[in-house]
Amino acid sequence: MTLSETHRTIDAIWRIESAKLVAALTRMVRDLSLAEDFAQDALVIALDHWPKTGIPDNPGAWLMTTAKRRAIDHMRRRKRQDQKYIEIAQHIDMFTEDHIFDGEIGDDLLRLLFMTCHPVLSQDARVALTLRLLCGLTTDEIARSFLTSESTIAQRIVRAKKTLNTKKVPFEVPTGANLQVRLSTVLEVIYLMFNEGYSATSGDHLIRPLLCQEALRLGRVLAEVASDEPEIHGLVALMEIQSSRLKARINAEGEPILLANQNRVQWDRLLIQRGLAALGRSQKLGRTLGPYSLQAAIAACHAEAPTVQETNWPRIAALYEALFRVMPSPIVELNRAVAISMAFGPAFGLQIVDELNANPSLKNYHLLPSVRGDLLVKLGRFEEAYAAFKRAASLTHNERERELYLLRASECKTDS
Amino acid sequence: MRFMLIVKATIDSEAGKMPSKELIDAMQKYNEELVKAGVLLAADGLQPSSNGIRISYPEPGGKPKIIDGPFTEAKEMIAGYTLIEVKSREEAIEWALRMPDPHGFGQGEIELRQVSEIEDLTNDFEWIEKETLLREKVEEKTKS
C-alpha cells in the first residue's frame with residue numbers, strides 16, 4: 001500500500017469508527033471537546049504508525065484503546081489539579097478493559113446524539129455539530145454542504161461545544177415526558193439535514209447529496225438503537241422514499257421537476273421498498289401516527305402509484321386531514337385541497353382553497369393563488385384563473401417560477 | 001456510492017451444503033453491524049446453480065438458448081451478495097474486509113463491484129432518455 005492509499009484507508013476507518021469513539025470517550029470524560037480531542041489524538045497516532053506497521057486486524061479496537069489511554073493519562077494528570085476529575089479517575093480501571101458490548105455502544109451513540117441536538121444550541125449549531133461528531137464529516141465538507149466558509153463552521157462547532165460545557169448538558173437519554181420533546185428535536189435536526197441536501201438545486205453537485213445520504217444513514221442508525229419509537233421509523237421511511245426520487249426530480253438543465261411530471265421509472269425501487277418496510281415498522285408499533293409517519297404514508301401512496309391518475313387520492317386526502325390534526329398548518333391544508341380536488345373534483349378543492357384565502361399567514365404565499373388558478377382552469381373559469389396566476393407571479397421571488405405563472409396566465413387568455 | 005460485495009460460489013455451496021453454525025452466526029453478526037452502521041441496503045444468499053437457468057445468445061440476432069443448471073466452474077458463480085451504500089471505495093473495502101471468510105478451507109472469495117449510476121455511464125441526455133424508455137418497456141412487460 002502506498003502512503004496515500006493507507007491514508008485513504010485510515011479515512012474510511014475513521015468514518016466507520018469516529019462516532020463510536022467520540023461517544024464512548026464522552027461517557028468516560030463527560031466533556032465533548034476533550035472526547036473529540038482524544039479521538040483525534042488516536043487518529044494522529046494511527047496516521048503515524050499504520051503506514052509503518054500496517055493496518056491492525058481490528059482497527060476500531062486499536063483506535064478505541066489508544067484514545068482511552070490518552071484519556072486516562074489526561075485524567076491522572078488532572079486528578080491532582082482538578083476536583084472535577086477525582087471521581088471519574090477513581091473508576092478509570094473499568095475503562096481499561098474492553099468490556100463494551102454492542103448495546104452499550106448503541107446507547108452511547110444515542111446519548112451523544114441527544115447532546116449534539118440539545119435545545120440550548122441554535123438549529124445551525126445542532127446540525128453542524130451532529131454532522132461533525134456523528135457523521136464524521138470534516139469541517140470542510142460541512143462548509144461546502146452549506147455553501148459557507150470553513151472558518152464559519154469551525155467557529156460554530158467550537159462555540160457549540162463550549163455552550164454544552166458551560167450549560168452542563170448531561171450525556172444521557174432524556175426520560176419520561178421529556179423524551180418525546182427531545183426526540184422530536186433530534187428528528188428535526190436529521191430531517192433538516194436531509195432537506196438541506198434535497199431541496200438544493202444549486203451548489204456543489206457532489207457534496208449536497210452527501211447531506212441526504214448522511215441524514216439517511218444517521219436515521220437508519222437511530223432506528224436500530226431506538227427501535228421502539230414509531231416516529232424514527234416514520235422519518236426513515238420518509239427519507240428513503242424521498243431519496244428514491246433524487247434522480248428523477250431534476251432535469252438536464254438542473255431545474256426541478258414536479259412529482260406529477262417525474263419519470264417514475266427512474267425512481268429507485270430498492271429505496272421505495274426500504275421506505276415501505278420502515279413505514280410498516282412504524283405502524284406495527286401500534287401508536288397513533290405522528291407527523292413523519294403520516295408524511296411517509298403520503299409519500300408511500302405516490303411511490304406505489306404507477307401514474308398520477310392511478311394514485312390513491314382519497315387516501316392521500318384522508319392522510320393530509322390526519323396530518324393537519326397533529327401538525328396544523330395552512331400549507332398542509334393547501335395540500336389537502338389538491339388531494340381532494342384530485343379525488344373528488346376541482347370544485348371541492350376550490351372550496352378549501354377559498355377558505356384558506358382568508359388566512360393571513362398565506363397572504364403572500366405564491367402557491368396559494370397558483371393552486372387556485374390551476375383549479376379554476378379545470379373548472380373553465382379562465383378569467384378568474386388569469387387573475388390568480390398574475391397574483392402568483394407577483395408573489396414569487398423565483399424568476400423561473402414567475403415566467404411559468406405568466407405563461408399560464410397568458411394561456412387563460414387564449415383559452416377563454 | 002453503492003457497492004455490491006459478491007461472495008463467490010464454492011464446491012460446497014454449489015453442493016447445497018449448509019455452512020457451519022459458527023459461520024452463520026458470524027455472518028449474522030456482520031450483517032447486524034452493517035445495519036447498525038446504516039450502510040446495508042440488501043443482502044441475500046443464492047441457491048446452488050443446480051436450480052439455476054442460463055440464457056445465452058450464441059448467434060447474433062438468433063433465438064436465445066436456455067440451459068438448466070448446474071453449471072461448472074464454481075469460482076465463476078455467485079453464492080450471495082451484499083449491497084452497501086458508502087462514501088468511498090476505501091470504505092467499501094474496509095467493510096468487505098470485516099466480512100467473515102465466507103467459506104473457509106481456503107476457498108472464500110469476495111468480489112467488490114461498484115454499482116453504476118446512470119450519470120456515470122454517460123452525460124448524453126438523449127441516450128439516458130432512450131435508456132429510460134427502454135426500462136419503462138421492460139417494466140411494463142414484467143407487469144403484464
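Trainee: Which residues have the most contacts inside the largest nonpolar core?

Mentor: This is a predicted model: local features need pLDDT of at least 70, side-chain atom pairs count only at pLDDT 80 or more, and totals for chains, interfaces and linings use all residues. Residues are numbered from 1 along each chain as its sequence is written, while chains are lettered from A and ligands numbered from 1 in the order in which they are written. A nonpolar core is a set of buried Ala, Val, Leu, Ile, Met, Phe, Trp, Tyr and Cys residues joined through C-beta atoms within 7 Å, where buried means 20 or more other C-beta atoms within 10 Å of the residue's own. The largest core has 128 residues, and those with the most contacts inside it are L25(A), I190(A) and F194(A).

Trainee: Which helix gives the largest share of this core?

Mentor: Helices are DSSP runs of H or I with at least four residues, and strands are runs of E with at least two, numbered from the N terminus. The largest share, 13 residues, comes from residues 3-29 of chain A, that is, helix 1.

Trainee: Which residues is I190(A) in contact with, leaving aside its neighbours within four places in sequence?

Mentor: Two residues are in contact if their C-beta atoms, placed from the backbone, lie within 7 Å. With those neighbours left aside, the partners of I190(A) are A215(A), L218(A), G219(A) and L235(A).

Trainee: Are helix 11 and helix 12 of chain A roughly parallel or antiparallel to each other?

Mentor: Helix 11 (residues 208-225) and helix 12 (residues 230-243) of chain A pack with their axes 9 Å apart, at an angle of about 150°. Axes are lines fitted to C-alpha atoms over the stretch in contact, and angles run from 0 to 180 degrees between N-to-C directions. Under 35 degrees counts as roughly parallel and over 145 as roughly antiparallel. Helix 11 and helix 12 of chain A are therefore roughly antiparallel.

Trainee: How do the residues of that contact divide into nonpolar, polar and charged?

Mentor: Helix 11 of chain A contributes residues including C212(A) and R220(A), and helix 12 of chain A residues including H233(A) and E240(A). Asp, Glu, Lys and Arg count as charged, Ala, Val, Leu, Ile, Met, Phe, Trp, Tyr, Cys and Pro as nonpolar, and the others as polar. The contact divides into nine nonpolar, three polar and two charged.

Trainee: Which element gives the largest share of the side of chain B that touches chain A?

Mentor: The contact takes 20 residues from chain A and 19 residues from chain B. Elements of chain B giving two or more residues include helix 2 (21-36) and strand 2 (40-45). The largest share, five residues, comes from helix 5 of chain B.

Notes. Buried ≥ 20, exposed ≤ 12 C-beta atoms within 10 Å, placed from the backbone. Parallel < 35°, antiparallel > 145°, perpendicular 65-115°, else oblique.
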